[in-house]
Amino acid sequence: MEQATGLKTIGQEIYLHEPPTSEALIILCTWIGGATPRRLSKYTNGYKQRFSKAAILLVPTSILDITIRTFNAVRARLAPAREVITRFLHSSPKERPILLHNFSNGGANIGIQLARAVKAQNEADHALLLSALRLVVFDCCPGDSSFQRTFNAATVSLPAAKDHPFLHAAGRSVLYPVIGTILGLEKIGLIQSLDWLRLDLNKPEVFGGSTRRLYMYSMKDEIVRWEDVEEHIDEGKIRGYSVDGVRFDTGQHCALVAADEELYWRSIRQAWDGTIKSRL
């Protein structure tokens, strides 16, 4: 991971790029499965090119984070990332902005847990975080909790069928009962569901009420429907948030940058600067 992304390891699957002088902090919470070092380097390199004086904190998401790990266990894993954030908030110069980029439902969950980890550690630090958080990017999220789309998302983490047909088939057969069990536990309230995730993402105490929000999503995404994203956009507007959306006509799940790189990075830059016009 370090060689591909140019970031150094600071914890369990947590990486950091920190220039001598950091004028901003960019936090990338990635998606489950398919987030290979080569694919992640498109984002780390893209941000380095366009935000050359920003520190970049990369927090990959594991399927364990949304299945067997408790919230306390997830937050324990995130401790090195939390420490980077709090150090950034207290270092000089003060009032440097933060960009949080959440990929898919898995990354959105990690983004929430990061914010809550800061709050659990120190309420004053959480208040500083909300004041510094200039932009939250929702990249291909949030979706719904249907079995098929949850299954499709999970299969992305399996070995490729063309390279490892037996392992891929075996993995799919195991995922069916696992996903069914997880959704069953969600319905009876023993673990947090995607419905709760959608609610949490729009709570002002999580990402703040004045933070700009940018949704980027695709009409061709087979894992997260564009209708579910736009429903969440509408809910945010009702709450009075600063919400913008960019809908891509093509592009696979968490691969919008490959569909239209120029539109992708222009949208993020303009949302950061507060000059974007929604493309819905």
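Tyr-47 and Phe-51 are both buried, where buried means under 20% relative accessible area, exposed means over 50%, and partly exposed lies in between (1.4 Å probe, protein chains only). The model is predicted: local features need pLDDT of at least 70, side-chain atom pairs count only at pLDDT 80 or more, and totals for chains, interfaces and linings use all residues. Residues are numbered from 1 along each chain as its sequence is written, and side-chain values use heavy atoms, with hydrogens and water left out.

The structure holds 11 aromatic pairs. Rings of Phe, Tyr and Trp (its six-membered ring) pair if their centres lie within 6.5 Å. Planes under 30 degrees apart count as stacked, over 60 as edge-to-face, and the rest as tilted. The ring centres of Tyr-47 and Phe-51 are 5.7 Å apart, and their planes meet at 45 degrees, so this pair is tilted.

Phe-248 and Tyr-264 form a tilted pair too, because their planes stand at 55 degrees, with the centres 6.5 Å apart. This pair links distant parts of the chain. Phe-248 belongs to strand S8 (residues 242-248), Tyr-264 belongs to helix H13 (residues 261-273), and 16 residues separate them. Helices (H or I, at least four residues) and strands (E, at least two) are DSSP runs, numbered from the N terminus. Phe-248 has a relative accessible area of 2%, so Phe-248 is buried. Tyr-264 is at 0% and therefore counts as buried.

A charge sits over a ring if NZ of Lys or CZ of Arg is within 6 Å of the ring centre and within 35 degrees of the ring normal. The charged end of Arg-96 sits over the ring of Phe-88, 4.0 Å from the centre of that ring. Arg-213 lies over the face of Tyr-241, with 4.0 Å to the ring centre.

Two further residues lie in helices. Asp-200 is part of helix H9 (residues 194-201). Its relative accessibility is 4%, so Asp-200 counts as buried. The side chain of Asp-200 makes a polar contact of 3.3 Å with the side chain of Arg-116. Such a contact is a pair of N or O atoms within 3.5 Å; within protein, one must be able to donate a hydrogen and the other to accept it, and residues adjacent in sequence count only if both atoms are side-chain atoms.

Ala-76 lies in helix H3 (residues 71-77). With a relative accessible area of 52%, Ala-76 is exposed. Ala-76 and Ala-117 are 41 residues apart in sequence, yet 8.5 Å apart in space, C-alpha to C-alpha.
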